[in-house]
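Me: I would like to go through this structure step by step. Could we start with how its helices pack?

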Amino acid sequence: MSANSEYVAPCDERRPFISGFDGSAGCAVITLNAASMFTDGQYFLQARQQMDDNWTLMKRRLPGYPTDHLPAGTHVGIDPTLLSSAEGTSLKKTLNARGNGDLVAIEENLVDIVWGSQRPPRPQDKVFIHDAKYAGESHADKITRVRAGFESLDTDGLVVAALDEIAWLFNLRGSDIDYNPVFFAYALVTKADVTLYIDEAKLDSNVRSHLQGIKTRPYSAIFGELGELSTTLVQSKRKLLAGQNASWALVKALGEDNVKVNKSPIAMLKSLKNPTELDGMRQCHIRDGAAMANYFGWLEHELLFNGGHLRLSEVDVADKPEELRRAQKHCVGPSFDTISSVGPNSAIIHCSPKRGSDALLDVNKMYVCDSGGQYLDGTTDVTRTYHFGTPSAWERECFTRVLKGHIALDRAVFPSGTSGYALDPLARLPLWELGLDYRHGTGHGVGSFLNVHEGPQGVGMRMNYLSAGFQHGMTITNEPGYYEDGSFGICIENTCLVVKPETKFDYTGGVGGYLTFEPVTMVPIQKKLIRSGLLNEDEKKWLKRETSPI
């Protein structure tokens, strides 16, 4: 697996196993006397609910919560395959500076020892070819483009560890990780050879033919072979490039002096969708919109006319979007675990319901559904907030301010290269006017029949977005929200394409030009939650335009 993978296979869910907390962002630190869980604002409530009293919740970026309470001279053990090289280097420096402390790579993961025979087996499903009619480019051409960048990067090759980058590069897909069509593998691309490190059992005759001219080696063989390659690199005084998510174990195997750790060029190449992929995103969202419109129509009927509010829980209805999506052409399955929550539960950001702790749906409370689909021609991600009874004035006020922020970002026109860090305030200003905010990013990239979360682009207050300016062909979500603890949550999310608008002038002098967002999500926004008096004329026109997803 790739270090820092957001989504993992059940056999790698070590943090949920040891702590109970299964949010996508968190770091468990266990010492002889304490167990601490570090996570950010979107998971504060969820972590508190899922962990027992053995754990202390450490709220990142909030005053009063320390980020480092280890005594001087502490030696910290870590599985080097699960930590990026950059993080490993940073931690080593911090620990070394504190009274001879150190970061120690351990050969066997200690959680795995505790897990023992109960640990799920590693997936062995076959990989399959992602046809060029959906990918829009052959894997041979992709490899050529990657190699073309070696000279400017002053490198002889690239170690690829991110699973979605490997799937994209070879036009292959898999099912090793729920919701993400990727497979466990590493890759090494040099000027002379291309090697895919993967369990041979995953390759059938069609895939082997597809990979003609590409070496295949066992998955775990990469560590020994990188060690052998390190000798050649030392002699030639050349280096290989490793992406920022490459694990500390990979870099250690190759030798830190033989590696440049930097942004993987594949991340940017993958983020710039070609015309075939852009058209696929548009087409799959039409079918996805039909499925979700059917879902909300079915849900409204069940709640209002069939007594569903007395028997349907958040979990009961969470599977319905997948059922309706799978009836659509090219659908492979969901793109993430559906978030279906009502009332106070909807105030827990990104928390999927669990049987036994889920609530009955209530027509008098806000309902949030965040879901998505994987299609052969694209990936979808959409969130809608509905109220099936009579919303309060405060709920309508908050919803409308979230909508105003959504519209502001959707209508933005900006020079090519503008960062999502710069655009983020557009979505927050209507909430900031009341002293309100939300504890998550405003947007993330979306893969093309790949991971629903894709970088390097994004909209939010993360510093890394400053160096990932928008370019034509990228994708992004637009998802401002508001969450009132113990009461309700609100989110409005569309998936958008980054496209070139027609502008009267071009002050950039033709260098990149201007960009805007093209929403491709086709799911109705509930109008009764809108306080029209809070909208200006441009916002009202947005609601009425024919291309608006209303």
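Me: How do the axes of helix α6 and helix α8 cross?
Reply: In this predicted model, the axes of α6 (residues 139-148) and α8 (residues 163-170) come within 7 Å and cross at roughly 120°. An angle over 145 degrees would count as roughly antiparallel and one of 65 to 115 as roughly perpendicular, so α6 and α8 are described as oblique to each other.

Me: Which residues make that contact?
Reply: On the α6 side they are His 139, Lys 142, Ile 143, Arg 145 and Val 146. On the α8 side they are Trp 168, Leu 169 and Phe 170.

Me: And how do the residues of the contact of α6 with α8 divide?
Reply: Five are nonpolar, one is polar and two are charged.

Me: Why give both an angle and a distance?
Reply: Because two packed helices are described by the angle between their axes and the distance between the axes.

Me: Let us move on to α16. At what angle do the axes of α16 and α17 cross?
Reply: Helix α16 (residues 393-410) and helix α17 (residues 420-432) cross at roughly 155°, and their axes come within 7 Å. That angle makes α16 roughly antiparallel to α17. The crossing of α16 past α17 is right-handed.

Me: Which residues of α16 and α17 make the contact?
Reply: Helix α16 contributes Arg 401, Val 402, Lys 404, Gly 405, Ala 408 and Leu 409. Helix α17 contributes Leu 423, Leu 426, Ala 427, Pro 430 and Leu 431. By class, this contact of α16 with α17 has eight nonpolar residues, one polar and two charged.

Me: What about α16 and α18, at what angle do they cross?
Reply: The axes of α16 and helix α18 (residues 537-544) come within 11 Å and cross at roughly 80°. These two helices are therefore roughly perpendicular to each other. The α16 residues in this contact are Leu 403, Lys 404, His 406, Ile 407 and Asp 410, and those of α18 are Glu 539, Trp 542 and Leu 543. Four of the contact residues are nonpolar, one is polar and three are charged.

Me: New topic. Which residues does UniProt list for "domain: Peptidase M24"?
Reply: The UniProt entry, which is unreviewed, lists residues 280-499 under that name. This span is 31% helix and 24% strand, and its end C-alpha atoms lie 15 Å apart.

Me: And where is "domain: Peptidase M24 C-terminal"?
Reply: According to the unreviewed UniProt entry, that annotation covers residues 513-544. The chain there is 25% helix and 19% strand, with 28 Å between the end C-alpha atoms.

Me: How many aromatic pairs does the structure hold?
Reply: There are 15 aromatic pairs. One of them joins Tyr 186 and Tyr 219, which are stacked, with 5.1 Å from centre to centre and 10° between the planes.

Me: What does the pair tie together?
Reply: Tyr 186 lies in strand β9 (residues 186-190), while Tyr 219 lies in the loop between β11 (215-217) and α10 (221-236). The pair therefore ties together parts that are 33 residues apart in sequence.

Me: Last one, on the backbone. Is the peptide bond from Gly 455 to Pro 456 cis or trans?
Reply: That bond is cis, with omega near 10°. Pro 456 is in strand β22 (residues 454-459).

Me: And what is phi of Tyr 179?
Reply: Phi of Tyr 179 is near 75°, which is a positive value in a residue other than glycine. Tyr 179 is located in the loop between β8 (172-173) and β9.

Conventions: Residues numbered from 1 in each chain as written. Predicted model: local features only at pLDDT ≥ 70, side-chain atom pairs only at ≥ 80, totals over all residues. Heavy atoms only, no water. Axes fitted to C-alpha atoms, helices over the stretch in contact; angles between N-to-C directions. Helix = DSSP H or I, 4+ residues; strand = E, 2+ residues; numbered from the N terminus. Parallel < 35°, antiparallel > 145°, perpendicular 65-115°, else oblique. Left-handed = near helix turned anticlockwise from the far one by under 90°. Contact = heavy atoms within 4.5 Å. Nonpolar A, V, L, I, M, F, W, Y, C, P; charged D, E, K, R; others polar. UniProt positions renumbered as here; feature names shortened; annotations may be inferred. Phe/Tyr/Trp six-rings, centres within 6.5 Å; stacked < 30°, edge-to-face > 60°.
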